[in-house]
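My plan is to look things up step by step and write down what I find.

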Amino acid sequence: MNLLILGGTTEASAIARALAHDARFKATISLAGRTRQPAPQPLPCRVGGFGGAEGLGGHLTTHRIDALIDATHPFAARMTRNAENAARLTGTRLLVVWRPPWRKQPADNWIDAPDMEAAAEALGPAPRRVLLTIGQKDLAAFAAAPWHHYVLRSVDPPAPDALPPRAEVIAARGPFAEAAERDLLITRRIEILVTKNSGGGATEGKLAAARALGLPVVMVARPPAPQAETVATADEALAWVERLYHAQPRRGA
Ligand code: NAP
């Protein structure tokens with residue numbers, strides 16, 4: 001069975017590891033090419049966009065892909081929409097791995113924001129020390145509120161002209177443990193955090209640390225849930241692949 005995994009997440013890497021030594025599957029992982037040194041992959045890897053839904057559809061057909069697994073990040077909404085459209089255009093089976101969002105706990109002080117502009121606005125008019133863990137793509141809203149002091153953490157440092165003035169940059173790749181997150185919040189004298197509601201355990205430590213320190217968290221809401229069939233975990237995705245394998249007619253039978 002030919003599989004294409006759209007990656008860039010912990011779940012995609014876990015699926016890739018599990019399929020790498022299973023001779024029943026010929027799987028490839030696809031990365032957008034956003035990070036300079038992506039983690040090594042145990043499967044053949046292609047890098048870069050496909051050229052929209054049509055481009056992805058062409059790839060599915062040319063490579064005779066039997067099933068597409070979209071294991072991209074919950075905020076990679078354009079890619080997921082393209083995967084849905086490409087699967088429909090070509091009649092390819094599609095599964096989306098959509099990890100559950102984080103849920104507010106009683107001791108949390110979350111400020112919900114529908115988007116990055118609202119998140120920047122929620123920081124208010126008085127200067128604050130802010131930890132930004134939103135990646136590199138959405139810094140414009142914060143550059144437009146330059147009176148805050150930003151500490152920005154992302155896998156690669158953003159281009160200097162995208163940064164708010166005086167921003168400190170920490171280049172680091174998760175997972176991040178709660179104790180280290182607590183140290184970071186204390187040593188950098190952070191007063192408020194801004195994060196996307198990414199869900200998952202790898203970056204959840206900052207929420208527990210903020211809770212323990214009584215710090216507010218601006219929580220940016222997710223894009224709408226996918227329309228396609230979804231599962232929450234890599235293990236569930238592997239079970240889906242297994243079912244599909246047993247359901248498909250044997251080639252040559
Ligand atoms: P996006 O806005 O949904 O996608 C923009 C375009 O990037 C897509 O239309 C597609 O280009 C290309 N693309 C995205 N994922 C791809 C993949 N796995 N393989 C090949 N092309 C891909 O996505 P994004 O938010 O920029 O995220 C890019 C990648 O980073 C994703 O793989 C995602 O899993 C990972 N990531 C994202 C976040 C986040 O917060 N957004 C966090 C962690 C990891 P074409 O239209 O040309 O095909």
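Before I start on strands, I need one definition: two strands pair if DSSP finds at least two bridges between them. I also remind myself that this is a predicted model.

**Entry 1: a pair of strands**

With that rule in hand, I looked up strand E7 (residues 129-133) and strand E8 (residues 149-154), which pair in the parallel sense over 4 bridges. Which residue stands opposite Leu 131 in E8? I found Val 151 there.

**Entry 2: the sheet around that pair**

I found an open sheet of 6 strands, in the order E6-E11-E10-E7-E8-E9, with parallel pairing. At its edges I see strand E6 (110-113) and strand E9 (168-171); each has a single partner strand, so one side of each is left without a neighbour in the sheet. I noted the twist too, which averages 20° from one strand to the next.

Then I checked what packs on this sheet. Helix H7 (residues 205-213) does, and I listed E6, E7, E8, strand E10 (192-196) and strand E11 (217-220) as the strands that H7 touches. The direction of H7 makes about 150° with that of E10.

**Entry 3: two loop residues**

I stopped at the loop between E8 and E9, where Arg 166 lies. Arg 166 is not a glycine, yet I read a positive phi of about 65° for it.

Is the peptide bond from Gly 174 to Pro 175 cis or trans? I found it to be cis, with omega near 5°. I placed Pro 175 in the loop between E9 and helix H6 (178-187).

**Entry 4: the other sheet**

I turned to another open sheet, where 6 strands run in the order E3-E2-E1-E4-E5-E12 and the pairing is parallel.

I looked at how E12 is attached: 2 bridges join it to strand E5 (residues 93-97), and the two run parallel. Within this pair I found Val 96 opposite Thr 230 in E12.

Two helices went on my list here. Helix H1 (residues 10-20) packs on the sheet and touches strand E1 (2-6), strand E2 (26-31), strand E4 (67-70) and E5. I noted about 155° between the direction of H1 and that of E1. Helix H2 (residues 52-62) also packs on the sheet, touching E1, E3 and E4, and its direction makes about 150° with that of E1.

**Entry 5: the ligand**

How many residues surround the ligand? I have 23 on record, and the closest are Gly 7, Ser 30, Phe 50, Met 79 and Lys 196. They divide into 7 nonpolar, 11 polar and 5 charged.

- A backbone N or O atom of Gly 7 lies 2.8 Å from an oxygen atom of the ligand.
- From an N or O atom in the side chain of Ser 30 to a nitrogen atom of the ligand, I have 2.7 Å.
- For a polar backbone atom of Gly 51 and an oxygen atom of the ligand, I have 2.9 Å.

Taken alone, the ligand exposes 800 Å², and I see that the protein buries 83% of that. The elements that give two or more residues to the shell are E2 and helix H3 (77-90).

Note on methods
Residues numbered from 1 in each chain as written. Predicted model: local features only at pLDDT ≥ 70, side-chain atom pairs only at ≥ 80, totals over all residues. Heavy atoms only, no water. Contact = heavy atoms within 4.5 Å. Axes fitted to C-alpha atoms, helices over the stretch in contact; angles between N-to-C directions. Near = heavy atom within 4 Å. Polar contact = N/O pair within 3.5 Å; in protein donor to acceptor, adjacent residues only side chain to side chain. Areas by Shrake-Rupley, 256 points an atom, 1.4 Å probe, with all protein chains shown as cover. Nonpolar A, V, L, I, M, F, W, Y, C, P; charged D, E, K, R; others polar.
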